[in-house]
Amino acid sequence: MNNKTPKAIKGYWSHGRFVKPEEIALEEVGPPSKTQLKAEADEKQALGEALLTLRADLMARLDLPDKLIDAIAQAKKITNFEGKRRQMQFIGKLMRPLDTEPIRAAIDEQKNGSAQLTLALHLAEQWRDKLIASDDALGDWLTEHPDTDAQQLRALVRQARKDAKPEKPGEAPRHGKSYREIFQLVRQTLAPEAP
């Protein structure tokens, strides 16, 4: 005789039917709760506060409604704490229908800098270091960028190599004016290629 009791099935009874956990996940989600709505409103108000410090060029790219731009301009002028708080609530209300993704991207770009700009600067640094380290890199650069003033670049590289040699053994290499000028020349040459 088998004395095993059947394993209990997880779930609960609702409106006269038994609901299993896997069915719960599939059920339709109802309207957002008051807590969710409040959290979204607070988030949009915080984004509105961040818009107060956004650079003008990034603000122009966002294509915000005129009413919101006016409200932000007014908020910048308000010094009274309570008045500023109410204005920020108003800005949060105006932001509710907006897509916040472009706003977040603009704020992030201001905070962390453009990824493209960072990449261009790293590329210019790499080229500068290659040019100083090797004559072959100089030939490669002139092949890729024939408009470069070859005589000026060769003179800068020669001077940078001379400056980099430590005066006393054990000293760190010194980077002089030519080192910076090579970077500027490379960066300006690469700039039109940046999207």
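The model is predicted, so local features need pLDDT of at least 70 and side-chain atom pairs count only at pLDDT 80 or more, while totals for chains, interfaces and linings use all residues. Residues are numbered from 1 along each chain as its sequence is written, and side-chain values use heavy atoms, with hydrogens and water left out.

**Overall fold**
- The chain holds ten helices and two strands, where helices (H or I, at least four residues) and strands (E, at least two) are DSSP runs numbered from the N terminus.
- Read from the N terminus, the order of elements is β-β-α-α-α-α-α-α-α-α-α-α.
- Of the 195 residues in the chain, 27% are buried, a term that stands for under 20% relative accessible area with a 1.4 Å probe, protein chains only.
- Among contacts (heavy atoms within 4.5 Å) with a separation of 6 or more, 54% join residues 24 or more positions apart.

**Nonpolar cores**
- The largest nonpolar core has 19 residues, of which L51, L54, L64, I72, I91 and I103 touch the most other members; such a core is a set of buried Ala, Val, Leu, Ile, Met, Phe, Trp, Tyr and Cys residues joined through side-chain atoms within 4.5 Å.
- At least two residues of this core come from each of α2 (34–51), α3 (56–62), α4 (66–77), α5 (81–95) and α6 (101–112).
- Another core, of 18 residues, lies apart from it and includes L156, A160, L185 and L190.
- With residues up to four places away in sequence not counted, L64 touches L51, M59, I69, I72, L98 and I103.

**The α4 and α5 pair**
- The axes of α4 and α5, which are lines fitted to C-alpha atoms over the stretch in contact, come within 10 Å and cross at roughly 165°.
- Helix α4 is therefore roughly antiparallel to α5, the word used for angles over 145 degrees on a scale from 0 to 180 degrees between N-to-C directions.
- On the α4 side, K67, L68, A71, I72, Q74, A75 and K76 meet K84, Q87, M88, F90, I91, L94 and M95 in α5.

**T148 in its loop**
- T148 sits in the loop between α8 (135–144) and α9 (150–164), and this residue is buried, with a relative accessible area of 11%.
- Apart from neighbours within four places in sequence, T148 is in contact with W141, L142, L153, L185 and T189.

Conventions:
Buried < 20%, exposed > 50% of the residue type's maximum accessible area, 1.4 Å probe, protein only. Parallel < 35°, antiparallel > 145°, perpendicular 65-115°, else oblique.
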